[in-house]
Amino acid sequence: MATTVATPTSNGTNRRKSGRVVQAPPVFSQEQHHGSIIDSAKRKRPRDVANDDDGNEVEDDDEMQSEDSGEDEGEPDEEELREKKRKQRARQAVAKPAAKRARTKTNNNTTLAIRSAARPANKTVKKASKAAKDKARSRQSQAQSSGLYADVFGKGNDAEAAATTWHSRLEGDHVAGITDMVNFVLQVVGCDARVTMDDINDVDNIPNKLSDILEQYSEQEEGDYPLSGKQKSFHGMKEVYSDFFRAIPHALHNSGLMYEEVAIYDNLHVWIATMSAASYRSFRVTATLASLAMSTGLTEIAKEIQQGVSATKQQLDAEKKKKSANKARIAKLQEEMAREEKRLEVIDTQLKDEFDIVYTHRYRDVEEKLRVECARAMGTWIQTYRHLFLESTYLRYLGWVMSDPHAATRLEVIRQLKAIYRNRSNLAQMRGFTDRFRARMVEMGTRDADLTVRVETIELLNMLRSAEMLEPDDIDTIGQLIFDDGALVRRAVAQFVVSNIQDLYNASVEDFDREEYNTILPDVDKIDDFDEPCKLWIKFKALAQILGAQAGGTVNGTKRHVHVAGVENLSSKYMVATQSIFYHMPELQEWESLTGYLLHDHSTATKDSATDLASAVQAAYKLQAGEESILLDVLFVAAKLFILQPDENKPGQKGGRLKKERDESKKRQETAAHNLSAFIPKLYNKFGSIPEAAKSILRLNQLFNPDLVDEFEDDDGEGEINTMVSNISNQFTSHQDEEVLAEAVRTLRAALTHEASREAAMRKVNDLWKEQLSFSLSPLLLDGQGRGSLDRERTRQLSDATSRLAQLASVKDCCETIEGRFPWVNRQSTRKRTDTVMDILLQLVRRGNLDDDTPPETAELEDQVCQSSIKILLFYYRWKAVAMRKAASDNDNGRLTTQTLTQLVKHKNEFTEALVPVVVARKPLDSTRLAALLSALDLYVLLATCRNLKSDKNTLNTDEGVDLQDFAREVNESLMAAIMETHEALEKRLARRTNKKNIELPLAKARKSKHQSKENPITSPGTDDPNNNDEEEAVDRPPEDSDDEDATTNNRNKSTANDSSSSDDDDDDNVDNVDTTLSQKEAKRKAILVAETSLCELTAKIVLALLARVIPNPKAIRARLQVNRTKLGKSYTQVIAYADDKKDKNRRKSKAGSATPGPKTPVRGTAAGKGRKAVPTTTGGGSSRKVGKAVPISEAMVLSDDDIEDDEEEEQRRREDDDPEVLREQGLEDDPIEQVDEEGDGQEGSNEDGNGDEDEDEIMGD
């Protein structure tokens, strides 16, 4: 549309002024229309085009200038009008469906998902989002208040309305408005004191007035602190309070008082800043929250002004580029920019003052929640007002707070940093901060004591990796977390590791010509057979390299070992890692291609990779030594997750899955079973001789379901099943590794669960029993049946045979085999022998009796024979109990005859009698002794469960019922004494390794006391000889640090195994089996974990025996377990808790409910009564007072290994100086074992004799 432009006449000096210059013609796009989105966003131009600044007519000189420019001053040019009308038409077109949408309702009386672009609708939605906060404001108890407190909390006003109400008072009387605001803050604090207008006018007297207020506050009656009160009426007040102060700067900005009357904001800030340095927590928290909220409001205003200045500058630049620039308009834009920049300077000054006076002191306040608020506020300021706060001057405060001892503060900092790094426009300015605090972030991700902080930090580090801000060493360190024992940590780092794999893949193929590379290695969907090379092979190679290097490979010349808690072998580590990255790496869905990659013959690859591209590609995917085992573990997990992955829950007609989804799932499982039937025999042939690989293949075989393979239903299928079962049997007989044997047995049990393979598997298990008894045990036992009667090699063969039998005993019921005759090889020479397998196994158990003639190497193998035989017999009794339960359920009296039960009791007595010499002759922490004691307790508890066997008809004979009661006899006295002796030795070992110096050792003291009875020492668990401290010396020694100490104690304890209590510390070599390749710290941690596991395992067996009522003198044993209940970790405490009878549990609950806390030191902000004393706020700063030693905050965040080494004097010094290591009691730092609750740990330093308040200990134990 053409625009008519006024042109001057020839005598332009006397020309009448044009009305178009004074007032522009109305334009539709500039008019205000109801429902239009063009209202406030386009107001600047209509306001500028009406008149000049003074509202006068334009002078003749200006008219001549406008004549030269070819357009009027205030009138928009043709281009702008055309653009406005185009946008208006587009908005009107969008608005039409919105009006129709308002009348369109669904059955739920909700509008359809077509949103209107009109502003009124947006405002309505925004108000609805604040419903919870509005509800918090409108309460009857708060509405009865008066003044500003009622306006903010009691009338249901939003923050903007409450701020507007206060601003109207401020405009009437500035001093009165500030007085109301200060008194409002005091009322929120809970202080009864008030300020007057005279106090507001006397700015220099503010510190003195505040001192008077604090003194009055310390003397007032007890009251509640609204911002942290637990009452329902105080819920949500903190958010309302912060929103109100956030709206205050907006109200001052909109009215112009922020810039016209700067003293108003300054005076208000002085009062709030002074209260933020008070010594009472309630004052500091209330004032600091107000200051932070006001600063947040200022940053929002500054952002708005800065955006306006940027828009004005763009308009100015565009105007200057025009051929005929409008000088008046340019001058007006420049003047507007200058005005906004001055306002921005005022806001910057206020922000810097509040930061210097309030934030720099409160970000390290002793109040933890206040430090969290400061960290959150700083992150908000940086994201909102990047121009000022996105600088190292302010960013460094976030870096310093990453070393805060409070986990919530560290967590908030990491979350704020994630939000900052998420904005890619911030990355350039964040590089300096990243370089400075990168090491700390890596440390938090790898070693922080709080799991949530670690997970959030790992996600932050993943952002840094995407931005290429991490060093290679940092990437390697973080990648090792894929083997962490925390599932959340592994899940968080999975994407990080997948990115590493992708980078390694890209580096491997970056030098290849893309077209030729695509021809040599096609995509997986373009190949016909799984054994054909494809691009995934290089990706699988990269996966093996990454996992191998991070688990224990050599990187930068340093050998690393990563150990997952509860996972001892590398295979399990690789499986754990694969499980975490499976859903982040789509290539693992193609597990069949991975199988073809493993079966490929890599020996045909050309060594010279520089000849052509084909040989280079072959070298890129060629597997090195050890990588096959890694990928076999990966293959097992990938196949398992692929087969068992859950289907999407799509609702069908009856709320279940659709039939199509069920069919797809079944088809996927059938396809996997068919592929496994082809892959597994080939894998056995290629990798079956390698123990590590054999374990993975056996695990993979457990996933195979022959019932899903149609080919196995015919006659040829039976042969394939027999072949597969034979492969499992070959693995069982050809390996001596315990883990391989265990996996083979699990595979046989899995085969027994499938109908197609059940018969073949059962037949193979029976053959294995006969083979091991006839050809493995029989020839060896003919040559010698006593300990040390065989040479070392034949003893090893005997050990291997019994180990296999112990594994086979768990597959199926072996009672008939064990009760039958032993299959001697030479029947002619043994015609008169009627030994049963049970008799032979009892003889093998007796080979565990110690002697002085057996060499140490042979003795170790003999002990293994003894332990395996005990396992076999224990499985026999388990199968026997199952059979008895089934017979009682079926009312089969033929299998529960008196003769049968009597024979079983006889075998049990023979077994326990055989265990007694094995146990008594050994030291308390001997591995064979511990295994025998655990098995004995299992046996007594197992048979005790049969005492009340009844059939469905309850028709068992009376004699049989009497015989069943014989199973519930108490544990042999000799075994019970050995059990408690070993239990005390395990307690002592764990206490020594964790530096617990206040545990009690009743048995050790009893052995040293002349007045203690030697016949039954366990009946007096509380006996104490104050004059005898020999046993305490062994406990008070530092944790084991060197082999020299062990050698010394070994020499000291050569005489006897049971006389010396100190020998308990030196007989655990076979129990620990600590890997010598571990570092010293890792070895200590593993030793602590093993010691705790052994103690908890034995204690759990004792507790079960107590519940089964087979423990002699149960009251004394139960009391003995309670002696160190709260001193050896939470796990131990929870195990013992099961030993409490109902009366004890009820008594503990009643004590816990009626226990009243003792007197506490008044805390800032809490109503602790009259005479509350002020406590210093920080370790430094303007108004804080320094007490004692400065606390190095950063030490409490990271796992410390020195807590298992510190001596008693160092521990006492830490407690006196409030060292951060004491914060472990508050859950801020990991302990070598999980500590008991905070109160329990706090008693250790002051209660050396361990006899604290009984009631309190019981409560802490619960």
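A polar contact is a pair of N or O atoms within 3.5 Å, where one must be able to donate a hydrogen and the other to accept it. I needed that for the start of helix α17. There, a side-chain oxygen of Asn-326 comes to within 3.2 Å of the backbone nitrogen of Ala-328. One caution before going on: this is a predicted model.

**Entry: the whole chain.** I looked up the secondary structure and found 55 helices and two strands. The chain has 1262 residues, and 50% of them count as buried. It exposes about 61,500 Å². Carbon and sulfur atoms supply 47% of that area. I then checked contacts between residues at least 6 apart in sequence. Of these, 72% join residues at least 24 apart.

**Entry: helix α17.** This helix covers residues 327-362. How far apart are its end C-alpha atoms? I worked from 1.5 Å a residue, so the 36 residues should span 52 Å. The end C-alpha atoms are 51 Å apart, which agrees. I also found a kink of about 40° in α17, centred on Phe-355.

**Entry: helix α13.** I repeated the length check on residues 237-255. At 1.5 Å a residue, the 19 residues of α13 should span 27 Å. Its end C-alpha atoms are 27 Å apart, so the value agrees. Just after α13 comes Gly-256, with a positive phi of about 90°.

**Entry: cysteines.** A disulfide is a covalent bond between the sulfur atoms of two cysteines. How many disulfides does the model have? I counted zero. Cys-814 is one I followed up: it is in no disulfide, and the nearest cysteine sulfur, that of Cys-815, is 5.6 Å away. The cut-off for a disulfide is 2.5 Å between the sulfur atoms. Is Cys-814 buried or exposed? Its relative accessible area is 2%, so Cys-814 is buried. I looked up Cys-374 as well. Its relative accessibility is 0%, so Cys-374 counts as buried too.

**Entry: Thr-446.** I found this residue in helix α22, which covers residues 427-447. Why does Thr-446 count as buried? Its relative accessible area is 19%, and buried means under 20%. Next I asked which residues Thr-446 is in contact with, leaving aside its neighbours within four places in sequence. They are Arg-454, Thr-477 and Leu-481.

Technical notes:
Residues are numbered from 1 along each chain as its sequence is written. This is a predicted model: local features need pLDDT of at least 70, side-chain atom pairs count only at pLDDT 80 or more; totals for chains, interfaces and linings use all residues. Side-chain values use heavy atoms; hydrogens and water are left out. Helices (H or I, at least four residues) and strands (E, at least two) are DSSP runs, numbered from the N terminus. The expected span of a helix is 1.5 Å times one less than its number of residues. The bend at a residue is the angle between axes fitted to the seven residues ending there and the seven starting there. Buried means under 20% relative accessible area, exposed over 50%, partly exposed in between (1.4 Å probe, protein chains only). Contact means heavy atoms within 4.5 Å. Accessible areas come from the Shrake-Rupley method with a 1.4 Å probe; for residues, only the protein chains shown count as cover.
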